[in-house]
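Please take a moment with the sequence and the structure shown below, and then follow the paragraphs that lead through them.

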Amino acid sequence: LADVLRQHSIYYANFLHEREDDLKGKRQLDAMDEIEAELDNIRQAWYQALDDQDIERIEQSTFSLNTYLYFRSREVEFMPLYADAEQALRGQYDGHRDYGRLLSSYSTVLYWLTRYPEAEPMQRRALDIARAQDDRLGIALSSRELSRVMIEEGKRDEARQMIEESIPLIEMMGDDYNLALALFHKGYQLGMIAEDSVEINY
């Protein structure tokens, strides 16, 4: 039975990982429908990965799961998966590249729920781990996500520094999807700063 559960978990981690490109492209809606149809299996597979202390399966799953949760507005329902993963994996994997990426994904869910005081320190820890592991993707994404939190908290200068660090890294990786998001967030930040300037001048 243990091997059956492990294989089931591996299958659904791969299932989510294989839909990353679809979620970034023209099959986004189809991919989200496919994920929605398998949510019970995905939840079971996630917790089996935690029981197995297999952080690689969790890392394979997080992009697609995060994307689904955001577009289908199911962050509250699924946030316990991230909280349980962070707690279950911390002891063995604190400082590991994939643990940092998990923290970044968890922090992003907190951001979506406007829980900025919780999201910021978690994203900072994720960024620290990415830097220590020389994880360029982790640095790029954590910098971008941290900038989003800080702009909402009124920390304009640091937010601008973070997004400016993120964009060149993403460009070097040739990741058009994440580059588009980073440029969008930079534009949003510039808009907020401009509004502040108008209010001050007025």
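Over the ring of which residue does the charged end of Lys-24 sit? The charged end of Lys-24 sits over the ring of Phe-63, 5.2 Å from its centre, where a charge counts as sitting over a ring if NZ of Lys or CZ of Arg is within 6 Å of the ring centre and within 35 degrees of the ring normal. This is a predicted model, in which local features need pLDDT of at least 70 and side-chain atom pairs count only at pLDDT 80 or more, while totals for chains, interfaces and linings use all residues. Residues are numbered from 1 along each chain as its sequence is written, and side-chain values use heavy atoms, with hydrogens and water left out.

Phe-63 also takes part in a ring pair. Rings of Phe, Tyr and Trp (its six-membered ring) pair if their centres lie within 6.5 Å, with planes under 30 degrees apart called stacked, over 60 edge-to-face and the rest tilted. The centres of the Phe-63 and Tyr-177 rings are 5.9 Å apart and their planes stand at 80 degrees, so this pair is edge-to-face. Because Phe-63 lies in helix 5 and Tyr-177 in helix 11, the pair ties together parts that are 114 residues apart in sequence; helices here are DSSP runs (H or I, at least four residues), numbered from the N terminus. With a relative accessibility of 22%, Phe-63 counts as partly exposed, a class that lies between buried, under 20% relative accessible area, and exposed, over 50% (1.4 Å probe, protein chains only). The whole structure has eight aromatic pairs, and ring pairs link Tyr-11, Tyr-12 and Phe-15 into a cluster. Arg-19 lies over the face of Phe-15, at 3.8 Å from the ring centre.

Side chains of opposite charge can pair when their charged atoms come close. The structure holds 27 salt bridges, each a side-chain nitrogen of Lys or Arg within 4 Å of a carboxyl oxygen of Asp or Glu. In one of them, Arg-72 pairs with Asp-33, the closest N and O atoms being 2.9 Å apart, and this pair links helix 5 (residues 55-72) with helix 3 (residues 28-37) across 39 residues. Arg-72 is partly exposed at 26% relative accessibility, and Asp-33 is partly exposed at 44%.

Arg-101 lies in helix 7 (residues 97-112) and Glu-59 in helix 5, 42 residues apart, and Arg-101 is buried, with a relative accessible area of 15%.

Further along, Arg-124 forms a salt bridge with Glu-158, the closest N and O atoms being 2.9 Å apart. This pair joins helix 8 (residues 116-132) to helix 10 (residues 156-173). Salt bridges that share partners join Glu-120, Arg-124, Glu-153, Lys-155 and Glu-158 into one network.

How values were computed
Helices (H or I, at least four residues) and strands (E, at least two) are DSSP runs, numbered from the N terminus.
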